[in-house]
Amino acid sequence: MEKITSFTIDHIKLQPGVYVSRKDHIGAEIITTFDLRMTSPNEEPVMNTAEVHTIEHLAATFLRNHPDYREKTIYFGPMGCRTGFYLLLAGDYASRDIIPLMIQLYEFIRDYRDEVPGASPRDCGNYLDMNLSMANYLAKKYLENVLYQIDDSRLVYPES
């Protein structure tokens, strides 16, 4: 079998950032998939499932309620390796295009102190696996270490 594109990225060189993972053409539409890499693969601990789950609930809720992106948000969800998230948006975007949105999103997660949306047995299949304080912490870390001073080295995948 042919190796899929995401497995051709050199994860030894990959650092936390915001990367365009792929662009898919669906009819006349383009779907841009972003790699929101929050931890350095194979260098630092991965995120635990509880905080990943919490970030997923908060981010999906934020994006699907955003006045400019609610109709463009296709999906927000975790990577299986637990080093980041995928965001799929309808439209043709570059990484830099969504930095203001990512700052808004991660500031929302950093500052969120209420009940996690959808964290109930009726709304979620694993509602007890949540960790809001760690989600707040990881959002703050991503903002301070990546998003607030992002440069091209964190916007374009490293050369293989």
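## How rings pair up

Rings of Phe, Tyr and Trp (its six-membered ring) pair if their centres lie within 6.5 Å; planes under 30 degrees apart count as stacked, over 60 as edge-to-face and the rest as tilted. By this rule, Phe34, Tyr69 and Tyr93 form one aromatic cluster. A search of the whole structure finds seven aromatic pairs.

Before going further, note that this is a predicted model, where local features need pLDDT of at least 70 and side-chain atom pairs count only at pLDDT 80 or more, while totals for chains, interfaces and linings use all residues. Residues are numbered from 1 along each chain as its sequence is written, and side-chain values use heavy atoms, leaving out hydrogens and water.

## A stacked pair

What makes the pair of Tyr19 and Tyr157 count as stacked? The ring centres are 4.9 Å apart and the planes meet at 15°, so Tyr19 and Tyr157 are stacked. This pair links distant parts of the chain, 138 residues apart: Tyr19 is in strand E1 (residues 17–26) and Tyr157 is in the segment after helix H3 (132–145). Helices (H or I, at least four residues) and strands (E, at least two) are DSSP runs, numbered from the N terminus.

Are these tyrosines buried or exposed? Buried means under 20% relative accessible area, exposed over 50%, and partly exposed in between (1.4 Å probe, protein chains only). Tyr19 is buried with a relative accessible area of 1%, and Tyr157 is buried at 16%.

## A tilted pair

Phe62 and Phe108 form a tilted aromatic pair, with 5.1 Å from centre to centre and 35° between the planes. Phe62 belongs to helix H1 (residues 49–65) and Phe108 to helix H2 (residues 99–111), so the pair ties together parts 46 residues apart in sequence. Phe62 is buried, at 16% relative accessible area, whereas Phe108 is partly exposed at 28%.

## A charge over a ring

Tyr69, one of the cluster residues, also has a charged neighbour: the charged end of Lys72 sits over its ring, 5.5 Å from the centre. A charge sits over a ring if NZ of Lys or CZ of Arg is within 6 Å of the ring centre and within 35 degrees of the ring normal.

## Positive phi in two loops

Asn42 is not a glycine, yet it has a positive phi of about 65°. Asn42 is in the loop between strand E2 (29–37) and H1, and is exposed at 72% relative accessibility.

Arg82, also a residue other than glycine, has a positive phi near 60°. Arg82 lies in the loop between strand E3 (73–78) and strand E4 (84–90), and counts as partly exposed at 29% relative accessibility.
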